[in-house]
Amino acid sequence: MSAWIIETDRLTKTVGGKTLVDGLNLTIGKGEVYGFLGPNGAGKTTTIRMLLGLIRPTRGKVRLFGQDLQRNRTAVLRKVGSLVEYPSYYGHLTGYENLEAVRRLLDAPKSRIDEVLGVVRLTKGAGRPVKAYSLGMKQRLGIATVLLGKPELLILDEPTNGLDPAGILEIRELIKSMARDHGMTILVSSHLLSEVDQMATRVGIIHKGKMIFQDSIQALRDRSRGRISLTVDRTEEAWKALLGSGIRAEAADGRLLVESLSDEKVAAIVRLLVRHDIAVYRIQEEKRSLEEHFLALTDGGDSL
Amino acid sequence: MIARVMAAEWLKIRKKPIWFLAVIGPAGVVGLQAANFGLRYDYLVKQYEDDLWGGLIGNVHYLAVPALLLGLALVASMLASLEHQTNAWKQTLALPVTRFAVFTAKFAILLVVLAVSCTLLAVGTAALGAGLGFGYAFPAGELLTASYLPFVAAMPFMALQIWMSVTLSNQAVPLTVGIAGTILSLYSVRMSDWFPWKWPYLINEWNDPLVSAGAGLAAGFLLYAAGLVHFARRDVK
Ligand SMILES: Nc1ncnc2c1ncn2[C@@H]1O[C@H](COP(=O)(O)OP(=O)(O)OP(=O)(O)O)[C@@H](O)[C@H]1O
Ligand SMILES: [Mg+2]
């Protein structure tokens with residue numbers, strides 16, 4: 001028995017000779033908010049469809065709550081709430097009736113409808129036909145539908161897609177509170193790191209169907225920390241001097257690059273160089289935002 | 001579980017013109033025959049003087065078959081469109097229900113709607129006969145056979161239309177097939193007994209309506225099973 005809520009084993013989907021998802025090992029632990037990132041067309045939605053049993057993997061397995069998805073589909077899906085791509089709804093029905101239709105399938109108590117309408121603040125518009133809803137309202141109805149069955153795991157595919165900044169913020173707060181107050185495990189996909197940055201505890205980055213990074217958000221931050229660039233008169237000697245004191249630097253066109261260090265360490269490096277009679281012309285910090293780092297990862301994805 | 005899925009389906013079709021179709025179909029057939037018998041009363045009553053009720057029931061049945069075939073295609077398409085229109089399959093099929101239950105519920109709803117139509121047709125035919133002055137002693141067995149057995153014999157078309165409508169997002173395809181089949185049925189009486197479009201007319205060399213209905217039931221079940229297997233395995237957009 002593994003403790004993972006979601007665990008995939010070399011999950012692969014090939015359609016018409018094209019590999020859309022390639023040997024994905026995705027793991028999500030209980031209570032985690034997992035940011036599933038990747039540029040457009042990376043394979044996020046395809047992966048999510050496999051996690052929900054909507055499409056069959058070409059190879060590999062999906063385990064949810066430690067159980068094989070294919071063998072225990074309905075039992076496992078009872079504990080899952082999902083939103084895939086844009087929200088699904090029955091336009092001719094009101095918001096309330098849409099929830100009632102799903103409630104009947106889930107056999108949830110009727111009182112649950114008013115509860116979830118309250119959670120997404122849609123109580124007022126619930127009596128109107130959904131075809132007249134704004135995108136934001138449809139998205140909130142989608143989230144309400146997801147919550148109807150009191151799921152333990154939420155799988156949300158780009159839940160903030162097409163929303164205005166206020167709507168994005170609202171959905172984000174909602175997701176955070178679901179994790180914090182209800183202990184739900186949540187997978188949120190997005191093509192923007194900044195969107196999950198503030199709520200994710202772990203991130204997986206998928207690029208061209210392959211997982212190129214999967215670790216805590218802190219590990220990703222560490223990797224994307226800035227570097228210190230030193231411009232000196234004799235690069236070669238300076239590089240050797242630093243190496244002599246155990247500091248690995250990278251020499252590039254008259255500059256030395258070292259991983260970002262504490263202020264004391266930087267001061268120590270300068271002292272060391274001065275002691276070796278090396279002229280230090282410039283010291284600069286080269287900052288890379290998390291987003292830039294993410295972009296760099298996904299552009300040169302295969303080199304990682 | 002099928003009951004739960006059907007409960008959701010009933011809600012979803014509430015504001016769709018499915019019940020309207022279910023009523024307008026038999027009403028149209030009875031209305032046309034009312035006009036037929038009204039306008040040619042003396043001629044037809046003379047023609048069927050040995051068996052007035054039999055003549056009426058036969059005429060209604062003959063007109064009801066194409067109406068049934070067209071109606072079932074339209075209703076099957078409407079049932080599937082509920083999901084196709086906003087691509088709600090991914091929502092429904094990611095819920096804790098089996099694909100077996102989802103497919104079977106659609107099929108069952110179609111059966112119930114058409115069974116209601118057949119009942120209305122039987123009631124309407126009896127009322128028309130009484131209105132035409134044929135008396136109240138209508139041949140119940142004959143009326144029920146002509147009203148319900150075509151429905152049983154049309155099972156393969158119901159299964160086929162549900163299968164196509166549910167799996168193809170472009171409803172033009174199943175609707176075209178349904179309309180083509182309806183037209184074909186008009187010429188099918190002269191075809192071989194193996195021709196499924198002939199079955200709802202209940203005409204066969206054994207002169208036994210149950211043969212046609214039995215063939216329909218068996219073929220209907222096979223097509224339902226094939227559709228179900230395909231639906232259960234396919235990838236959902
Ligand atoms: N049924 C299919 N047949 C062929 N190619 C497909 C199919 N479904 C998706 N694709 C392709 O697979 C790739 C991955 O698609 P997917 O929808 O999983 O990406 P995504 O990461 O969700 O992207 P986005 O951010 O745009 O939603 C895309 O290039 C898409 O064109
Ligand atoms: Mg996507």
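A cavity is here a set of points, on a 1 Å grid over the protein atoms alone, where a 1.4 Å probe fits but cannot get out, and its lining residues are those with an atom within 4 Å of a point. Grid points are joined across faces, edges and corners, and a volume is the space filled by probe spheres set on the points. The model is predicted, with totals for linings using all residues. Residues are numbered from 1 along each chain as its sequence is written, and chains are lettered from A in the order in which they are written.

By this rule, seven cavities of 30 Å³ or more were counted. The largest cavity, with a volume of about 210 Å³, is lined by 21 residues, among which A:Gly81, A:Ser82, A:Val146, B:Gln91 and B:Leu95 lie nearest its centre. At least two lining residues each come from strand S7 (80–83) and helix H5 (135–147) of chain A and from helix H5 (89–93) of chain B, where helices (H or I, at least four residues) and strands (E, at least two) are DSSP runs numbered from the N terminus. S7(A) gives the most to this lining, with four residues.

The second largest cavity holds about 70 Å³ of space, and its lining consists of B:Leu69, B:Leu72, B:Phe157, B:Leu160, B:Gln161, B:Val177, B:Gly178, B:Gly181 and B:Trp197. Helix H4 (52–84), helix H8 (155–167) and helix H9 (172–186) of chain B each supply at least two residues of the lining of this second largest cavity.

Methods
Predicted model: local features only at pLDDT ≥ 70, side-chain atom pairs only at ≥ 80, totals over all residues. Heavy atoms only, no water. 1 Å grid on protein atoms, 1.4 Å probe; cavity = no way out; pocket = protein on both sides within 12 Å on 5 of 7 lines; lining within 4 Å.
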